[in-house]
Each structure stands twice: as structure tokens, then as C-alpha cells.
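Please take a moment to look over the sequence and the fold before reading on.

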Amino acid sequence: MSRRIVALDENIISPDCNEEPFPFNNFSTELTEYSRAATHSSSPSLAQLLNCVSDTREDHAAHHAVDMSPTSTELPRSLPFVLSFNNLTYSVQVGSKLTLPSFLRRSRRPTTAVATAGEAVAGESLLAKTKTLLNDISGEAREGEIMAVLGASGSGKSTLIDALANRIDKKSLKGQITLNGEVLESKLLKVISAYVMQDDLLFPMLTVEETLMFAAEFRLPRTLSKSKKKARVQALIDQLGLRNAAKTVIGDEGHRGVSGGERRRVSIGTDIIHDPILLFLDEPTSGLDSTSAFMVVKVLKRIAQSGSIVIMSIHQPSYRILGLLDKLLFLSRGQTVYSGLPMELPDYFHQFGHPIPETENRTEFALDLIRELEGCPGGTKSLADFNKQWQQDTKHTKNVAASSFPDLSLKEAISASISKGKLVSGATSDASGSASSMVPTFANPMWKEMAVLSKRWMLNSWRMPELFAVRLGAVLVTGFILATVFWKLDNSPKGIQERIGFFAFGMSTTFYTCADALPVFLEERFIFMRETAYNAYRRSSYVLAQAVVAIPPIIILALAFSVVTFWAVGLDGGSSGFLFYLWIMLASFWAGSSFVTFLSGVIPHVMLGYTIVVAILAYFLLFSGFFINRNRIPDYWIWFHYISLVKYPYEAVLHNEFSDPSTCYTRGVQIFDNTPLQVVPYSMKLKLLDTMSNTLGMTITSETCLTTGPDILDNQGATQLGKWDCLWITVAWGFFFRILFYFCLLIGSKNKRR
């Protein structure tokens, strides 16, 4: 009966639709002929058609006719996948509410509003210690069909989709989920399925075509040629109806881009690029107008007909969308109140005693009735009980219909699906092992993932140059201010003091300018979680690629700051001194960027992250040894001195400036500078030097060197480590925080409910 409903709207959902799904000059004729022939049989998948296409580079040499007859023995006539879920139950702990003693409470009328053990509101226990989000949910979805999960807000739609997509911890979820009668392993499910979130999580400055191409690079195997990946993307663009928007950027609040409906279809495309067997969607029509919502579901219908199982939650489908759906599952407070075909809704509610008027939308009437029952004392318990009885009455009929599907094991079904051309991330049709062994965990090696991630970041950043320009401008302005304030410092005692102040402020500035790395991961956190949840790439690849991409900008920043300040301030060391100064600046930017990146993996909010970053960097500066000497820091705080990121680059530049013992910084009467005696006449200072010489038994003249570079280092407590030691420790801090960032992603991005 469901097939007849679809046929009523055949002019809408037909894969032909007078459009050519693969507009390539070299083989459009073959595909058009096959498309016409396919209308008399099962709809071919895009991958099936694509597998029949040879590499475009070979097409230039010779044109080969492609035998794409539907009677070909190479293409199985059907791929019978059946996803079953039985007795799914999921509860969460909630805090119990404090209540007044019974003698202090107002007496209530003894009506049926008081819940009893038998009349408890579905979904909540009487003691309010646990809340049941799913209560004994069962159902079945088949290949080629769209199952829609409906219900009011809070009914458990998204929870059920999460349960089926393995986004709930197995320890918390009770029940069984099987594919072709076999329990789905997590590793296998990640490869053969896709999950489309309710929010459109995309890079704003990439075009539609680039977004899908990057998804193809992640999900399709490296053995597939570049030209075939491009062909797959072009075919998918046509299937999604995005040809006119292919070269348009996605856009965001500050950049004009594609429409909301097109954005939603791009989100779906990024997750189905590998032609998954199972497709889960959480309210894909939310926030869209009627036409855009219909276009999205129309695309999903084509995907289902290509050999996939599509399960989605939807809030309130229109009449046109209802014609595209094959099965409906209504939920109310975690309980099933209807499970069946769309055309069976009138008979179901007629038997329940609430016939659906012919002029009303079936789903709207059902949802309104469910909301009305939820407001009654007994809730929807009566409707849930009626559904169980109705399911028992129609069970025999459904079993007879189900017997028409071939009974293949999961391994055989996957093998047949791959033979048909489903692009399951590099899977092989070798059915000698288990079903999980037929599909690799990741489609590409680590180096390939790093290359694609780096390319995507650089392309997205290149189109938003204002972000790096602001950061570079901040560094240049800071360097210019420091250079003009500390212009050409001399080697007097005052010059020493000013040099040390410049070093402390300059080193801390490099860390503060790294704070802009905080929102980078926070903005793409959910993109990362979506892509890694189904093994698009490794978390280690993401961390390494992010570190590689961060290096070129910090090289430019370090070079700009060093060039502006080194000679203007009059720092010592010549060319070798400048090179080390550049190296320590580069190491400081590296450590600061890594530290802020690590914090972005721990702190989920931008404003909170900025507050914590500024506070911690202030503590690092406080304990760096500039404000208080290491020897005078209390023992209970000395540990903070050694973990201060500012300490090591600060001591490194001190060594670079003051390590030469032949350079004198205090001679003769300069010893009285920065003391009350600096105002006395020069002749009096000479007499004081004579008096000191007689007292100490040594000769001190106006040219005697009293303070050298090593004396200053000793004064500052910077004698434990050499300058190269400080440099390598600073670099090591950067790697240490990158490793911590990796473990944060490993632990904190499971993306599963507990």
C-alpha cells in the first residue's frame, strides 16, 4: 500500500524528473539511457552509476561504451537491509525535588489528578528520581523506506534517533538494535551509517562544491581516483538540487551565502557522500519554509530509493511531505502511541474513537489529539495501550508482507551492497570474514587526513584575511609602541632596568596576542564532533594538522615583532643575538598558541575562556621572576614559578642580552645612580669613591667596572638554566599542551549521552 502512496506523487519524487543526474560530456548518453531503463526496475544508486564510469583521463584517450543494462548479472536486483529495534528503554537521573511535610501542605481535592502507581504520567517515576525518555520502543525500518518519528517537543524523538545512531552509552540504553538480525557493532555502524544533526555545521567561507569535495576526501578511500571523487561530488550536487548554488559560499551572519534550505541540503550531502546504508536525521526540516522542507524530504526519498534506510525525526510534516513518507512512529513522553503506515492513520484513530475529518491533515490531527491527551490526568496511556493491542491484531498481516523480503545475513547484504556500488568508505565485497572486517575503521591514512584538514583550514582562513590582519596589526602596533618607548637604550644602570622591563612586557605580550586562537576550535567544535563521530578522520590527525597550520602565521608574527623591536631598542648580540631573539619569540608564540588551544578544548564558552586565559597569563607573568626574584618567592608558591610559561622565554632573552662578561653596565660613579646620592656633585662622588677604596682596600676609580652581564643575571635569579635550555623548554611546553589538547578531544568528544 505504501508503494501506491508514493506513486501518486511520482512526478515529484521520480529520480528522472526531466533532469540529468550526471551532466558529464563524456558519458551523459549512457547514463541517460540507463536512467530511462531504471524507471522500470529498482532505482540505481549514484555509486552504482559512478562505478561504471572509467577515469576521465582514460576517456580522453578512447571512448568506451558502458553496459549499464538493469539485466546485467553484476548488479543484484535488491539489497534487503532491515533495521530492527526492540524494547528500547532509556532513563536518566534527575534531582529529587524538596517537598513540604504533609501537615504543612494545603489539602487538595481528592480527584483523579493525583497520580497513582497505575496512573503515573508516562515518562516519570513517582519519586521523581529517574525520568524515562524512552519506554519499551520497538519498530522496524527497511531499505528503500523513510521512517519518520513524530511527536510533540519532549516526546523523545531526538532521543530515539540518538539511540538508533549509537549516540547513547550502551550501559544506559536497554533493548536491542539489529541489522538483518545481527547486533550492530559500534565500529561497523560508524562506517555504514551517517547522522545529520539538527544544526547546520559548516565552514562559512567554503563553497558548496568545496564543502562536498572535502567531505569526499575524508570519507572516500584513497584508492578512488581524484576524477571519480569529483564525479561523485558533481553527481551528489545534482541529486541534492544544488547545481545553481555550487559555486556559492556557505556564508554566515557576516557573509552572504546560500539559503537555509540549500544549507540544510549541503549538511545532508556532507554526511551521505560515502553512500551510507543507514541515514539518521534529527529534524532536517526544522526552521525551513514549506517548499524548502519538501525539497529536503524529496532528496531523502531519492537517497532511500538508492538503497539506504532513512530514519528521521520531524515535528509536523505537511500534506506533500506525508506523501513521501513510508512509515510513521508517533511518540508521547517516551511511549509509542502509533507505529504503522501513513494511510493506516485514519483507520487507527477511527477504531480508537477519534475519526480524522477528511478536510484535516492526518499528522496534524494526530499530534493535536496526542497533546490533548497529554493534558489529561491519565495522559496518553490509553492510546499507548490501544497501540499495543492494534499491533497485535495486525501482526500476522505484517509478517506475511515481511516474508517477501529475501533473508540475507548482514555480511551477505553488505557484500551485495558493495557489489552494487555503494561507496562504503573503501569497503570490500570479500565476505570471508565478519561484517566488521569488510569495512576499514578509517577511509584514509593519517598523512592524507592531515593534508586535507590543513588544506581546508588554509582555504577557509585565506578567505577571511581580516582575522590574521588584526592579529598582525596588534603585534606591529605593540612592537612599535615598545620600540619608541624604549628607543636606543644605553648600558647605564637605568638602561639595565629599562631593558629588563622591556623583556618582561615583550614576552608577556606574545602570549596575550595568542588569545585569538581560543575561538578557533570553539567555533568548529561541533563540526569536529560530527565528523569524528563517524570516523571521517582521526583525532590525532586533527591535532597534528592544526599544529602544522598554526606554524606559518606565528613565524610571520615572530619575525615582525623581532624586526620592529630588536635594533630599535638597541639590544646586544649582533646578528647571532637577533637570530636567537627571533627563535625565542617564535617559541613563545608556539607555546602560547598551544596553551590557548588546549584551553579551548577544556572550556566550552568564548567569554569564559577569555577570562581564564587573561587571568592565567597574569599569574604566569607574576611568577616569572620579574616582579619578585626567584629566591624570594615563598616555598608554597615556588611550584608556580617553574610552570610559568613566561619564565623561560624571559630568562632566555636575559641570557641573550647579559651573558657577555666583557660588557660593563656600571662604571665608577654610576654606582650611585638610582640612589639618593645620584643628585650630589660629580666631585663629591669621586671623593666618596676614594673613601670606599680606602675602606675596602681596593682601588675604585670613575672607570672601574662594577657590574657585568653575569652580575645582572645573578641579580635576577636567572642562573639555573642557560639560554638554549630555556628555548627548548619553551618549545617543549608547546608540544606538551598539544598532547593535552589531544587527550581533551579523546575524552571530551565522545558525543554520547550517558
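Helix H8 gives the most to the lining of the largest cavity, with five residues. Helices here are DSSP runs of H or I with at least four residues, strands are DSSP runs of E with at least two, and both are numbered from the N terminus. A cavity is found on a 1 Å grid over the protein atoms alone, as a set of points where a 1.4 Å probe fits but cannot get out, while a pocket is an open set with protein on both sides within 12 Å along at least five of seven lines; lining residues have an atom within 4 Å of a point. The model is a predicted one, in which local features need pLDDT of at least 70 and side-chain atom pairs count only at pLDDT 80 or more, whereas totals for chains, interfaces and linings use all residues. Residues are numbered from 1 along each chain as its sequence is written, and side-chain values use heavy atoms, with hydrogens and water left out.

The search of the whole structure finds six cavities of 30 Å³ or more, and the largest cavity holds about 190 Å³ of space, where a volume is the space filled by probe spheres set on the grid points, which are joined across faces, edges and corners. Its lining is made up of 17 residues, and those closest to its centre are Ala 215, Thr 270, Arg 456, Arg 530 and Glu 531. Two or more lining residues come from each of helix H8 (208-219), helix H10 (260-272) and H20.

The second largest pocket contains about 1400 Å³ of space. It is lined by 40 residues, and Asn 460, Ser 461, Met 464, Leu 467 and Val 520 lie nearest its centre. At least two residues of this lining are supplied by each of H17, helix H18 (465-485), helix H20 (518-533), helix H21 (539-569) and helix H22 (574-602).

The side chain of Asn 460 reaches the backbone nitrogen of Met 205 at 3.3 Å. If neighbours within four places in sequence are left aside, Asn 460 is in contact (heavy atoms within 4.5 Å) with Phe 203, Pro 204, Met 205 and Leu 206.

Another buried residue is Ile 414, which has 0% relative accessibility and lies in helix H16 (residues 410-420). Ile 414 and Pro 80 are 334 residues apart in sequence, yet their C-alpha atoms are 9.5 Å apart in space.

From the helices we can turn to a sheet. Strands of a sheet pair through backbone hydrogen bonds, either parallel or antiparallel. In this structure an open sheet of four strands has the order S2-S1-S4-S5, with antiparallel pairing, and two strands count as paired if DSSP finds at least two bridges between them. Strand S2 (130-142) and strand S5 (182-183) stand at the edges and have a single partner strand each, so one side of each is left without a neighbour in the sheet. Strand S1 (residues 82-93) is joined to S2 by nine bridges, and Phe 85 has Gly 139 in S2 as its bridge partner. Six bridges join S1 to strand S4 (residues 173-179), where Leu 173 is the bridge partner of Tyr 90. S4 and S5 pair over two bridges and form a hairpin with two residues between them, with Asn 180 in the turn having a positive phi of about 55°.

One disulfide is found in a search of the whole structure, a disulfide being a pair of cysteine sulfur atoms within 2.5 Å. It joins Cys 664 to Cys 705, with 2.2 Å from S to S. The pair links distant parts of the chain, with Cys 664 in strand S11 (residues 664-667) and Cys 705 in strand S12 (residues 705-708), 41 residues apart. The torsion about the S-S bond of Cys 664 and Cys 705 is about 115°, so the disulfide is right-handed. Cys 664 counts as buried because its relative accessibility is 11%, whereas Cys 705, at 34%, counts as partly exposed.

Methods
Buried < 20%, exposed > 50% of the residue type's maximum accessible area, 1.4 Å probe, protein only. Polar contact = N/O pair within 3.5 Å; in protein donor to acceptor, adjacent residues only side chain to side chain.
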